[in-house]
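Let's walk through a structure together, one feature at a time. Have the sequence and the 3D view ready.

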Amino acid sequence: MSNAVTQNISDGLRALTQSAAGVGLMFYISPQLALVGLTTVPPLAVGAILFGRYIKRLSSKVQDALAQATDVVEERFSNIRTVKAFSKEEQEIQLYNQRISDVLKLKYKESLAYGVFFGMTGLSGNLIVLSVFYFGGVSMSQESLTIGDLSSFLLYAFWVGISISGIFSFHLELMKGVGASQAVWSILNENHNEKLPFVGENQRTIQGEGLTSALMLRDIIFDSVSFRYPTRPDVLVLDNLTLRVPGGQVLAICGSSGSGKSTLAQLLLRFYEPQSGKISIGQIPITDMPLQWLRTNIGTVPQEPVLFSSSIYENIAYGYPGPLESAQETLLKPKVLEASNTANASGFIEQLPEKYNTKVGERGAMLSGGQKQRVALSRAILRDPSILVLDEATSALDAQSEYLVQEALEKIMVNRTVIIIAHRLSTIIKADQIAVLDKGRIAEQGTYAQLMNIENGIFRKLVATQTMVDVDVGA
Ligand SMILES: Nc1ncnc2c1ncn2[C@@H]1O[C@H](COP(=O)(O)OP(=O)(O)OP(=O)(O)O)[C@@H](O)[C@H]1O
């Protein structure tokens, strides 16, 4: 890639110097003839600039269209069972054809534009040659130009013509590249805005104090946090929310679906920054902590755990903080076994024909929901994080899996600060504290007994309306 860019730039520069030298020699031989020969260059240059802009826009559209076509394939193939279950194969093929024909249409447009532009430049080049012949012939008949001068002039004019067309091509390729890479630049620019880990004045203070994982066992405070997703700026998800998660305890967050429970976890992990307010752990704002350090100390198990299409062993070992190559097999293996034991996963893994080497399929498709959750739990435990964020699955597991997952959770919650986005009453009852999220704020917080004592309380209503349906209070 960089070779191609360097080659393109050096071709462009060569064309520029060659045309400058050629123009100089043309003027040296006959200034009048040189003016005739170069009359079309300024309008062509303006045309090339405008055309370059057009190509830049078009190139960006081509990339977008290609991305959309690839998205369709990637998404549909990774959810092939859903596609088949709904017998949507034909429809999906049509959708992909449509996306590809969108790309094709843009490519036709691009080719047509190229054809017209280069056709015009070729035509004007030929007209120049003809006019040079004409005016050169006239000058020869008036004996102001010799045949040798005209031949040399023509040679230089061809040289200049080829060089100028090289400059135009360079400009167009450059614009095409700029258009195509716009998305990449915008992503790179976004990253520049993120506070980088290990820099800044506050960073030094923290390191001076000694940043240890013990810090992560202190209270987590969400202080007047307001947040809107950048892609949906009109929806205020968290509205001046204040929440204290007591260090070393289990806090269950509940609230209706879409009330912002998972968003709290995303902000704690700094996948997004709140528009106002701050989040701190042990009184240190998380923005002042090295990002990698922060995430290493927080273990997460999402609502629908995503596994990689590798072996169970590799999926669990993924939780190991640091590069896997550096973790010696002899050192890592017992930890993987121990983690899977704690997460009640070792039982089912040992029964599989290839045990820990069993491939789990794309996104863990070859495992059941409960098994996937226990592998994901093992992965989180391997990190031995001080803070655990568990997004409880809304989908019901069978009684046995449910029991095993619950039991594993209870084992791993000990000696950590746990935020559990709870959907089941059984989990909520066992939590030290419960926070109820409503309209972007914490409406109620306390123990189960305290919240149940609030007359007309939101939590009480949630429990009253939903204990009937499989004790799910978060959906
Ligand atoms: N990436 C995103 N971009 C834009 N809006 C989002 C995004 N993720 C979530 N939202 C919106 O933010 C709001 C809060 O979502 P969130 O996932 O935090 O809710 P939740 O309480 O965890 O819901 P559930 O219990 O159903 O999982 C919802 O209105 C949701 O549509």
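Q: Which residue with a positive phi follows α14?

A: That's Asp 384, with a phi near 50 degrees. Before going on, note that this is a predicted model, where local features need pLDDT of at least 70 and side-chain atom pairs count only at pLDDT 80 or more, while totals for chains, interfaces and linings use all residues. Residues are numbered from 1 along each chain as its sequence is written.

Q: What does a label like α14 stand for, and what span does α14 reach?

A: Helices (H or I, at least four residues) and strands (E, at least two) are DSSP runs, numbered from the N terminus. Helix α14 covers residues 369-382, 14 residues in total, and reaches 20 Å from its first C-alpha to its last. That's close to the 20 Å expected at 1.5 Å a residue (1.5 Å times one less than the number of residues).

Q: Why is α14 described as largely enclosed by the rest of the structure?

A: Burial is a neighbour count: a residue is buried if 20 or more other C-beta atoms lie within 10 Å of its own, exposed if 12 or fewer, and partly exposed in between, with C-beta atoms placed from the backbone. In α14, 13 of the 14 residues are buried, so the helix is largely enclosed.

Q: Is Asn 456 buried or exposed?

A: Asn 456 has 6 C-beta neighbours inside 10 Å, so it counts as exposed. You'll find Asn 456 in the loop between α17 (448-452) and α18 (458-466). Its phi is positive, about 60 degrees, although Asn 456 is not a glycine.

Q: How do I read a pair of helices, and at what angle do α5 and α6 cross?

A: Two packed helices are described by the angle between their axes and the distance between the axes. The axes are lines fitted to C-alpha atoms over the stretch in contact, and angles run from 0 to 180 degrees between N-to-C directions. Here α5 (residues 89-141) and α6 (residues 147-180) come within 11 Å and cross at roughly 165 degrees. They are therefore roughly antiparallel (angles over 145 degrees).

Q: Which residues come nearest to the ligand?

A: Of the 13 residues around the ligand, Tyr 229, Ser 257, Lys 261, Ser 262 and Thr 263 come nearest (near means a C-beta atom, placed from the backbone, within 6 Å). Helix α9 (residues 261-268) gives the most to this shell, with three residues.

Conventions: Angles under 35 degrees count as roughly parallel, over 145 as roughly antiparallel, 65 to 115 as roughly perpendicular and the rest as oblique.
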